[in-house]
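Please look over the sequence and the model before reading on. My comments follow as numbered points.

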Amino acid sequence: MQRFVTIRFRRFVPVLLLFICCLAVPVFAAEGEQSPADSTIGWVFRWLNFALVFGGLGYFLAKKAPALFASRVEKIVASITEAGHAKEGAERRLREAEEKLAGIEREIGDLREQAKRDADSEAERIRALTRQEAKKIERAAQAEIQAAARAGRLQLKSQGARLAIERADALLRKEITPQSDATIFHSFLTDLEGSVN
């Protein structure tokens, strides 16, 4: 409560002084022909007014400015500190990115070499498979040719035998007459009787 009264009194004093000054101005103006501003008392009040205004301003600045400036300084220091941390973090990330980039170039070179080796080995594997397939196809073709040749020979033999039989039949028909047929039959029967005994 006492603090509240002290604060009220401090606020009331400047207002009271200002009110007294305002009341004194007309009194001094009525004293003579001279303007109150030009008199000695006018100069005193001017200086008093100057002292009150700048004293109040000084008091206000002395009371409020340090806290205002201190909070502002704290904010600026915090911002500078945060900016320093952000800069350090950015520089660290930049170094890491540069290291990764250098590593990526090396990895790309390694991957290219590996891809070339893989492509060469794959090409060699494909060539080997192609040679194997060509040999299989050649063996299969040779087997088919041999089978076709055998089938052709068998067909030729069969056709040759058929033609031989037909030719022999034709020759026999020409050569064998009913009389020669009877003779051959009698000789067959004679041979048969001789073999039975």
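1. **Aromatic pairs.** Two aromatic pairs occur in the structure. In one of them, Trp47 and Phe50 have ring centres 5.7 Å apart and planes at 85°, so this pair is edge-to-face. The cut-off for that label is an angle over 60 degrees. Note that the model is predicted.

2. **Trp47 and Phe50 along the helix.** Both residues sit in helix H2, three residues apart. That puts about one helical turn between Trp47 and Phe50. Is Trp47 buried or exposed? Trp47 is exposed, at 58% relative accessibility, because the cut-off for exposed is over 50%. Phe50 is partly exposed, with a relative accessible area of 42%.

3. **The second pair.** Phe50 also pairs with Phe54. Phe50 and Phe54 are four residues apart in helix H2, about one turn. Phe54 has a relative accessible area of 46% and is partly exposed. A pair of aromatic rings is described by the distance of the centres and the angle of the planes, so please quote both values for each pair.

4. **Ring cluster.** Which residues do the ring pairs link? Trp47, Phe50 and Phe54 are joined into a cluster.

5. **Nonpolar patch.** The three residues of the ring cluster also belong to a nonpolar surface patch.

6. **Salt bridges.** How many salt bridges does the structure hold? There are six. One of them joins Arg127 and Glu124, at 3.2 Å from N to O. These two are three residues apart in helix H2, so about one helical turn separates Arg127 from Glu124. Arg127 is partly exposed at 42% relative accessible area. Glu124 is partly exposed too, at 38% relative accessibility.

7. **A further partner for Glu124.** Glu124 also meets Arg131 in a salt bridge, with 3.4 Å from N to O. Arg131 is partly exposed, its relative accessible area being 44%.

8. **Glu166 and Arg162.** Another salt bridge links Glu166 to Arg162. The closest N and O atoms are 3.1 Å apart. Four residues separate the two positions in helix H2, about one helical turn. Glu166 is partly exposed at 42% relative accessibility. Arg162 is partly exposed, also with 42% relative accessibility.

9. Glu124 bridges to Arg127 and to Arg131.

10. **Overall make-up.** The protein has three helices and zero strands. From the N terminus, the order of elements is α-α-α. Of its 197 residues, 4% count as buried. That label needs a relative accessible area under 20%. The accessible surface comes to about 17,700 Å². Carbon and sulfur atoms account for 64% of that surface.

Notes
Residues numbered from 1 in each chain as written. Predicted model: local features only at pLDDT ≥ 70, side-chain atom pairs only at ≥ 80, totals over all residues. Heavy atoms only, no water. Patch = residues over 30% accessible without salt bridge, like charges linked within 9 Å, V, L, I, M, F, W, Y side chains within 5 Å. Areas by Shrake-Rupley, 256 points an atom, 1.4 Å probe, with all protein chains shown as cover. Salt bridge = Lys/Arg side-chain N within 4 Å of Asp/Glu carboxyl O. Buried < 20%, exposed > 50% of the residue type's maximum accessible area, 1.4 Å probe, protein only. Phe/Tyr/Trp six-rings, centres within 6.5 Å; stacked < 30°, edge-to-face > 60°.
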